[in-house]
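Please read it beside the sequence and the model.

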Amino acid sequence: MDKPPPEGAFPIRKLLSAAVAGLLVAAAAVTGTTAASATPPVGKADEHSIKVCSDPRPGEAACAARQATDPAGRVITNATTPPGTALTPSQLRSAYRLDGTASGGRTVAIVDAYGYPNLERDLATYRQQYGLPACTTANGCLTILDQNGGTRLPRFDLGWAQEQALDVDAVSAACPDCRITVVQAASASFTNLGAAVQTAARQPGVVAISNSYGGSDASDATYGKYYRFPGIAVTASAGDSGYQGASYPASSSYVTAVGGTSLNPAPGTARGWAETTWSGTGSGCSAYNAPLAAAAGYGTGCANRAMNDVAAVSDPSNGGLGVFYPTSSKSSTWGQFGGTSLASPIIASVYALAGHTGAGLTGYANAIPYANAGSLFDVTSGSNGSCPTAQWCTARSGWDGVTGLGTPNGVGAF
């Protein structure tokens, strides 16, 4: 088995050649670990969307947000109102049966890289558009910190600022009464992002921390100190490149790994919505980290940690959220965004709504859905590519790698 990547040398996944992938797949069938698939994902993660963040340098993470485009490849945007095709807060809460729920002011923390000087202004525009209560630094709802817990905020980066806009708007949509703490890492290095997670966990009232970024599979022995917080729901995006094997921190044994779905209205059905696997979602098995005890008996097929645990809407074109986002350090407009960057803050918000995380929880929050799987919508169709073990990349009844146990059906599973 490969050794974990050394500190400061966190390699990002690369597509393997068909020959190398074939050898690794054969090994995976024996060991229970995963390898990058030699077959492209079913559907393209970049079909009718573009990635928000640039490719990371060695030792850095990539954010997992994508912006929806039209068939000609032009971003879907609107200067004054959200795109008509974009998901609204009321639709999101309807789809996941969150109407009538409230957090009582619990705090969801968002960890991202770099600064976003107009975050508070843009969040106010989003919430005003949809009639949500104001969330400002003045009223105590919104807090913005640097990775050390201070106010020396890092420099602006457009891609990561767009990621932050998606994250805070997603929390606002799923949990309008949640408080929001944004911790901005000095860079996209895993060391700085990890320090930001540690700072988020120290903030009073934080019951969930969302991490909408990822890199290659890695060992908790090296990086787990950044995500090991019993009592707090730490969520992480599975990635947006289809089946490529495990991605860290989603492959950590300490976090809730969140996969992605496509979501469409289905008038006349009992739920009113139809949900399938998003072909772009990541999934896989860790080569390094221990399996979840709570997942025993679910037939993951993984010798180690299996991704994912749960899922939420991620498809930029079919369920992409309306977001008020920056186009420069000074200007902002409306667009439609998805990626598993959307799913992670949604799930963090549902944990906050459920009210089971915080001081009263002594274990890790990723075990909770496994004890309450019947309170999830089981997503049973769709695939994110080809893999050596069917349930790692193809939806089925019960647990599967692409959507885990399913998506929120109210808060009972969290």
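## Confidence and overall make-up

The chain has a mean pLDDT of 90, with 89% of its residues at 70 or more; the model is a predicted one. Confidence is lowest in helix H1 (residues 18-31), where the mean is 33, and highest in strand E7 (residues 179-185), where it is 99. Over residues 1-44 the pLDDT stays under 50, although the model has 93 contacts beyond four places in sequence for this stretch. Where pLDDT is low, the predicted coordinates should not be read in detail.

The chain holds nine helices and 20 strands, and 61% of its 414 residues are buried. Of the contacts between residues at least 6 apart in sequence, 77% join residues that are at least 24 apart.

## Strand E8 and its partners

Six of the six residues of strand E8 (residues 206-211) are buried, so this strand is largely enclosed by the rest of the structure. Strand E5 (residues 107-113) pairs with E8 in the parallel sense over five bridges, and within that pairing Ala109 stands opposite Ile209. E8 is also joined to strand E10 (residues 233-237), again in parallel, by four bridges, with Ala233 of E10 as the bridge partner of Ala208.

Which residues does Ile209 touch, leaving aside its neighbours within four places in sequence? Its contacts are Ala109, Val111, Val197, Ala200, Ala201, Ile232, Ala233, Val234 and Thr235. Among these, Ala109 is the residue that stands opposite Ile209, while Val197, Ala200 and Ala201 lie in helix H5 (residues 190-202).

Strand E17 (residues 321-326) is mostly covered, with six of its six residues buried. Both of its faces are involved, for Leu321, Val323 and Tyr325 are buried on one side and Gly322, Phe324 and Pro326 on the other. E17 runs antiparallel to strand E18 (residues 332-338), to which six bridges join it, and the two strands form a hairpin with five residues between them. In this pairing, Leu321 stands opposite Phe337 of E18.

An open sheet of three strands is built in the order E2-E9-E11 with antiparallel pairing, and its edge strands, E2 (62-63) and E11 (247-248), each pair on one side only. E2 is paired with strand E9 (residues 213-216) over two bridges, and Gly214 in E9 is the bridge partner of Ala62. Helix H5 (residues 190-202) lies across E9 and E11 and runs at about 135° to E9.

| Strand pair | Sense | Bridges |
|---|---|---|
| E5 and E8 | parallel | five bridges |
| E8 and E10 | parallel | four bridges |
| E17 and E18 | antiparallel | six bridges |
| E2 and E9 | antiparallel | two bridges |

All 15 of the 15 residues of H7 are buried, so the helix is largely enclosed by the rest of the structure. Just after H7, Gly355 takes a positive phi of about 80°.

The largest nonpolar core has 108 residues, of which Val111, Ile180, Ile209, Tyr213, Tyr227, Leu321 and Phe414 touch the most other members. H7 gives the most to this core, with 10 residues. In soluble globular proteins, nonpolar side chains tend to be buried together.

## Two loop positions

Thr380 is placed in the loop between strand E19 (376-377) and helix H9 (390-393). Thr380 and Arg396 are 16 residues apart in sequence, yet their C-alpha atoms are 4.4 Å apart in space.

Ala367 is found in the loop between H7 and helix H8 (368-371), and at 32% relative accessibility Ala367 also counts as partly exposed. Ala367 and Asp309 are 58 residues apart in sequence and 8.9 Å apart in space, C-alpha to C-alpha.

Conventions:
Residues numbered from 1 in each chain as written. Heavy atoms only, no water. Pairing = 2+ DSSP bridges. Contact = heavy atoms within 4.5 Å. Axes fitted to C-alpha atoms, helices over the stretch in contact; angles between N-to-C directions. Buried < 20%, exposed > 50% of the residue type's maximum accessible area, 1.4 Å probe, protein only. Core = buried A, V, L, I, M, F, W, Y, C linked by side-chain atoms within 4.5 Å. pLDDT = per-residue confidence, 0-100.
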